[in-house]
Amino acid sequence: MTTQRPNILFIMADQMADQMADQMAAPLLPLHDSQSPIHMPNLSALAADAVVFDSAYCNSPLCAPSRFSLVSGQLPSRIGAYDNAADLPADVPTYAHYLRAQGYRTALSGKMHFCGPDQLHGYEERLTSDIYPADYGWSVNWDAPDERLSWYHNMASVLQAGPCVRSNQLDFDEEVVFKARQYLFDHVRNTPSQPFCLTVSMTHPHDPYTIPQKFWDLYNDEDVPLPRHTLAQDVQDPHAQRLLKVIDLWGKTMPDEAIKHARRAYFGACSYIDDNIGKLVETLNECGLGEDTIIVFSGDHGDMLGERGLWFKMHWFEMAARVPLLIHAPKRFSARKVAASVSTIDLLPTFVALTGGQLDPTLALDGRSLLPYLQGEAGHDEVIGEYMGEGTRTPLLMIRRGDYKFIYASDDPCLLFNLQADPHELCNLADSPEHQSVRDDFLAEVAQRWDLPALHAQVLASQRRRRFVAGALSKGRLTSWDHQPMVDASQQYMRNHIDLDDLEKRARFPTP
């Protein structure tokens with residue numbers, strides 16, 4: 001590894017599934033297998049020279065909790081990241097804080113789903129607003145678990161799937177990528193000697209499932225597979241049944257045509273993400289930053305896409321919990337694939353290691369550096385997960401280690417899968433006599449890791465506080481927490497207080 005401090009370009013996609021339970025058990029994305037049905041040539045080119053993690057997971061299969069864990073390197077229960085209306089405390093260190101303390105410029109272009117008044121969390125700049133609200137309006141309510149709240153997902157995204165000219169998400173991602181590219185141009189013109197960490201977080205391929213014709217036409221209906229396994233609703237596990245009610249699919253079926261169109265639009269949205277990856281890499285190279293910049297690509301969680309009869313996320317099944325993860329630094333690390341299970345809470349210590357910094361041993365951290373894997377050495381093979389969002393009544397916990405995945409909630413039957421033998425997660429081994437010792441070991445670990453009554457009480461208290469505050473703040477004058485990017489137009493383009501020749505010289509790259 002070179003001694004020069006590298007830049008980091010961290011690219012995130014939203015709700016990008018990384019495992020498809022098709023008839024060949026082939027991965028959904030072409031990071032891992034050329035059999036992937038999705039066209040992503042730019043990501044594939046990065047992967048060819050990168051360290052690719054074939055078994056990477058989120059730590060909570062929902063946007064905000066997953067992202068808060070990712071930026072902080074801590075599990076949701078440690079930082080109060082219970083659902084999509086939880087706020088990340090301003091005193092929780094993030095990778096942006098760590099890198100900023102090391103002298104890095106830290107910037108975020110796009111989504112991070114921060115709630116509450118702190119909309120920076122260590123980023124020196126946010127180049128755009130967020131696509132999602134920063135208030136407490138999406139708080140889960142365990143006091144009324146059977147109530148279907150108005151902001152829950154529904155199946156309109158599937159029933160209305162198809163091509164579009166424009167959408168809310170396209171408006172957002174176009175701005176995200178434009179502002180990120182402009183940041184790179186400004187960096188190389190104005191602060192080329194200072195290392196940067198730029199996070200570019202797009203919202204595709206998150207539903208609604210609609211995408212411009214150009215990307216829709218990359219696929220044909222006949223080439224888009226229907227879900228391999230669709231379980232009857234009455235044989236689903238209790239949490240899956242609750243999710244079917246959350247998304248308003250309980251007692252209903254989706255037409256095959258709608259399912260195929262939703263998946264086709266999703267594939268197109270993945271290709272749209274790939275197109276934007278290409279633009280960002282092109283800009284890096286145009287600026288002469290390619291060799292000095294580590295590119296990291298990942299996501300916040302996946303999408304069931306109709307597999308098992310489920311949609312969206314919010315469960316620990318592979319399609320919802322797996323995420324893509326690669327680290328591209330060919331001048332520093334040889335390309336390889338890593339089979340061990342890791343998670344996105346491992347990114348904070350990895351970023352600190354890559355930039356030559358030191359973790360503060362007095363601060364809480366659950367993640368572990370991926371540097372050993374980057375250097376071709378052995379590392380950990382474990383993922384711990386927590387979900388306390390829509391569809392839960394108690395915490396839904398997950399442990400992934402070796403061949404096994406264990407899913408536990410105090411009110412539900414346990415789920416135990418051997419993913420090596422059963423990649424589709426069709427055979428629950430929790431009651432198998434041959435696997436009782438495995439199950440019992442996981443149960444003992446759950447009891448050791450979590451004080452579940454205390455955690456349940458913490459979640460419930462947080463929900464009640466946030467619902468009360470949200471109700472109070474809806475009265476009277478609104479003071480929005482949504483991030484407002486500030487632009488000083490007096491310093492843009494041509495202005496009479498700036499010498500014209502000097503302005504043109506500073507704005508041109510390369511300098512004539």
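Let's start with charge: the chain carries 45 positive and 67 negative side chains, and the centres of the two sets sit 3 Å apart. Here Lys and Arg count as positive, Asp and Glu as negative, with His and the chain ends not counted; each charge is placed at NZ of Lys, CZ of Arg, CG of Asp or CD of Glu.

A word on the model: it is predicted, so local features need pLDDT of at least 70 and side-chain atom pairs pLDDT 80 or more, while totals for chains, interfaces and linings use all residues. Residues are numbered from 1 along each chain as its sequence is written, and side-chain values use heavy atoms, leaving out hydrogens and water.

Now the overall fold. You'll find 15 helices and 14 strands, taken as DSSP runs (H or I, at least four residues, for helices; E, at least two, for strands) and numbered from the N terminus. Along its principal axes, the C-alpha trace spans about 80 × 55 × 50 Å. Buried residues, meaning those under 20% relative accessible area (1.4 Å probe, protein chains only), make up 58% of the 512 in the chain.

Next, zoom in on aspartate 300, which is in the loop between β8 (293-299) and α10 (318-321). Its relative accessibility is 0%, so aspartate 300 counts as buried. What does it touch? Leaving aside residues up to four places away in sequence, its contacts (heavy atoms within 4.5 Å) include Met12, Asp14, Cys58, Cys63, Lys111 and Val323. Arg67 is also among them, and the side chains of aspartate 300 and arginine 67 make a polar contact at 3.1 Å. That term covers a pair of N or O atoms within 3.5 Å; within protein, one must be able to donate a hydrogen and the other to accept it, and residues adjacent in sequence count only if both atoms are side-chain atoms.

Methods
Buried means under 20% relative accessible area, exposed over 50%, partly exposed in between (1.4 Å probe, protein chains only).
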